[in-house]
Structure formats: structure tokens, C-alpha cells
Amino acid sequence: MSAQSALAHKTAADIADEIIVSADSHIMEPDDLWLKNLPPSLKDKYPKYPPRKAPGEKPGGWDPRARIKEMEVDGVAAEVLYPTLGLRLFALEDAELQEACFQISNNWLIDYCKVHPDRLVGIPMISLYNVKNAIKELERCKQEGLVGCLIWQVPPEHLSFLSDHYDPFWEAAQDLNMPVNLHILTGFNYSRFERKGLDTYRATVNTKVYDAANSLFDLVFSGVMERFPRLKFVYVENEIAWMPFHIHEWDKYFVRHSPRAPVPAMKKLPSEYCKQVYATFFSDPTGGRLLDWWGSDTCMWSNDYPHAASTWPHSRKVIAEELGHLPMNVFRKVVRDNVLKLYDLKLSGINA
């Protein structure tokens, strides 16, 4: 029996000694975080959001000490942390308000991660209306120990990823070795509107993939990776099975159409540029079946803790079921090595 087929029969107990790192988990900000900390001149501009209705979320979202205990229950050594309530702030149209809100969020995240910096790894939110200010905040957050940066996945129409508006920021992120992360539910997309009936399903499946594929298309075909070859992008919580299909189709039609419809910004196939693109997933059995053929160096498992949809406290069982078929060297990349390499993490007690 081959190593690959043998691993297919592994259980959560069989991988109990494997070190697991979640590439996409979340903090849960206090509801009053922004109104409590915004300057008086901006408090009245802050939108009135409906209460979040998400039963089942765990206290570790706002209490880092409780989180460490809950991570031990789940068998997870470290987690890369994204916002929850902060995601909706990417749709703010007031640049000054958004910048102020993001600084407040980042300060809260910095303090949260300081409780256990070798296990809690924070991703700061960056407003990109004013690129000079964005670069300053990126530099500040790196100095404070945060890694990478979170930007909108769906920008406003007047600031398309096809424009050169972002080039100074791409350059700064590349020079600072701060990967650029794009998370679902950020920016000017379906998440701004209430969804009812069939739209609930259409948006959370079809439109989600549409948003991710279109933003990635714009980044690739506008030549961002060509101009900034050391810059890394991360697609977060969009799952992964759609990616090899789209990338293959882009290659196929690029070869077919480029003689009569050239793309001056590109000197290589789209798939070559997509080697700079990483992606996280937490519930994608189809994507997991593709990993020994595609994405083994760039895809990263996550648990989405503390959200109700999280794999907590059964992450190892889910991993065994959905990734247990992988050869051990690929398995370890996906559940640990890729995320450690991407963010250059030096976590105590982890020997990747």
C-alpha cells in the first residue's frame, strides 16, 4: 500500500501529534469599540449597524486568554487572526472615517495579540482611499508585530484594481514583506445588503466566487504581479476548488486570444502569476481532493474560529476526513508549513 493510500485511512487520533496552524481565524470586536473610541467629529458619521445574530460563537473571540484554552481543546497551535465586525467597515465611503475606524481596530488587535504573540498572529485592516496614509499605517502595524494586511476584496468602482492607484501601496507591501489579504464580505459587494429567500444562497455561493474570481482576474491581467514579482496575495475564506478551474481557463483563452487581443501588462501565462497567490479554506472537500495535484504550496487550512460555522472543537476530525488522503509532505504543507512560510512566522515549539 502506498503512503498516500495509507494516509487515507488515518483518523484524528492518527494525526494527534501533528502541529496544526489555522491560516484564517477571527477576533470578535466589542460592539461599541468604534463609537467609544472615535473622535467626536466622526461619531455621528458612524453607521448604525443591526445587531450581529450569530449564536454559538465562543468567548475566545474577545478574550485572548480564553482563546488559548479553546485552541488547546481544538488541538491548534497558532491562529492567524482577522476581524469580524470590522469586515463591514470596508464598505464605508468616508475615507477619514474608515481610516480612523481601522486604526482603532488595529490598536485593539495589537493589544489582543500581545497576550500570546507566538500563538496569536494579527492581520491589520488597511484603508486604501489615501495610499500615502495606507503605507504609514502598514509600516506602523508591522512595527507593532502584526503581519500582512487586509484590504477590500471588492473595491469601489472608481478605484478598480485595474488602475495604478494602488501601485505605491503594492510596492510598500512588497518591500515590507507584508502579504496582501482579501477576505470575503469586504468592500462594495453583496454583503452590504440584506439577503432573503433564494438570494441568501445565490450570494453566499455564486456571488462570493464571482467576486473573488473577478478581483483576482483584475490583479493578474492588469499586471500587478508582473510589476511586483515578490508581492504575495492571499484569498481568505473564499475556499479553493474554484481556483484551478478559473486559472486553467484563463491560460487556455489567453493563449487563444492574445494574438488578436494582446495584454501588454502580461509577459507570462496567468497561471505563472498566480504562483504569487495563496488561499485559505476550512470546508472544501472538493478543494482538498485537488491539493495533491494543484495548490500544495499555496493553499492553507483554517478553522474559522470562533464563528458558529467553525470546525472547532472537531478540527482534527475534519482535517482527517477531508485531507487524510494527502501524502504526508503535502498534508503538512497545507495544515502548517505554508502559513508559517508565507508570514515568516517563528513560533516557539514549532519545528516545520
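E239 sits in the loop between strand 6 and helix 10 (242-257), where helices (H or I, at least four residues) and strands (E, at least two) are DSSP runs numbered from the N terminus. At 11% relative accessibility, E239 counts as buried, because buried means under 20% relative accessible area, with exposed over 50% and partly exposed in between (1.4 Å probe, protein chains only). The model is predicted, so to speak of local features needs pLDDT of at least 70, side-chain atom pairs count only at pLDDT 80 or more, and totals for chains, interfaces and linings use all residues. Residues are numbered from 1 along each chain as its sequence is written, and side-chain values use heavy atoms, with hydrogens and water left out.

**Around E239**

- Beyond its neighbours within four places in sequence, E239 is in contact with K208, T280, F281, F282, S283 and D284; contact means heavy atoms within 4.5 Å.
- A polar atom of the E239 side chain lies 3.2 Å from the backbone nitrogen of F282, and the side chain also reaches the backbone nitrogen of S283 at 3.4 Å.

- An open sheet is formed by 5 strands in the order 4-5-6-7-8, with parallel pairing; two strands pair if DSSP finds at least two bridges between them.
- Its edge strands are strand 4 (149-151) and strand 8 (299-301), each pairing on one side only.
- From one strand to the next, the twist averages 30°; axes are lines fitted to C-alpha atoms, for helices over the stretch in contact, and angles run from 0 to 180 degrees between N-to-C directions.
- Strand 5 (residues 180-183) is joined to strand 6 by 4 bridges, and the two run parallel; here N181 stands opposite V234.
- On to strand 7 (residues 277-281), strand 6 (residues 233-236) has 3 bridges, again running parallel.
- F233 stands opposite V277, and Y235 faces A279.
- F233 and Y235 point one way from strand 6, V234 and V236 point the other way, and all are buried.

- Strand 1 and strand 2 (residues 78-82) pair over 4 bridges in the parallel sense, and V21 has A78 as its bridge partner.

**Pocket and cavities**

- The largest pocket holds about 1,200 Å³ of space; on a 1 Å grid over the protein atoms alone, a pocket is an open set with protein on both sides within 12 Å along at least five of seven lines, a cavity is a set of points where a 1.4 Å probe fits but cannot get out, and lining residues have an atom within 4 Å of a point.
- Grid points are joined across faces, edges and corners, and a volume is the space filled by probe spheres set on the points.
- Of the 32 residues lining this pocket, R52, R88, L185, S191 and R195 are the closest to its centre.
- Helix 8 (residues 198-221) gives the largest share of the pocket lining, 3 residues.
- There are 2 cavities of 30 Å³ or more, and the largest cavity has about 50 Å³ of space.

Definitions and conventions:
Polar contact = N/O pair within 3.5 Å; in protein donor to acceptor, adjacent residues only side chain to side chain.
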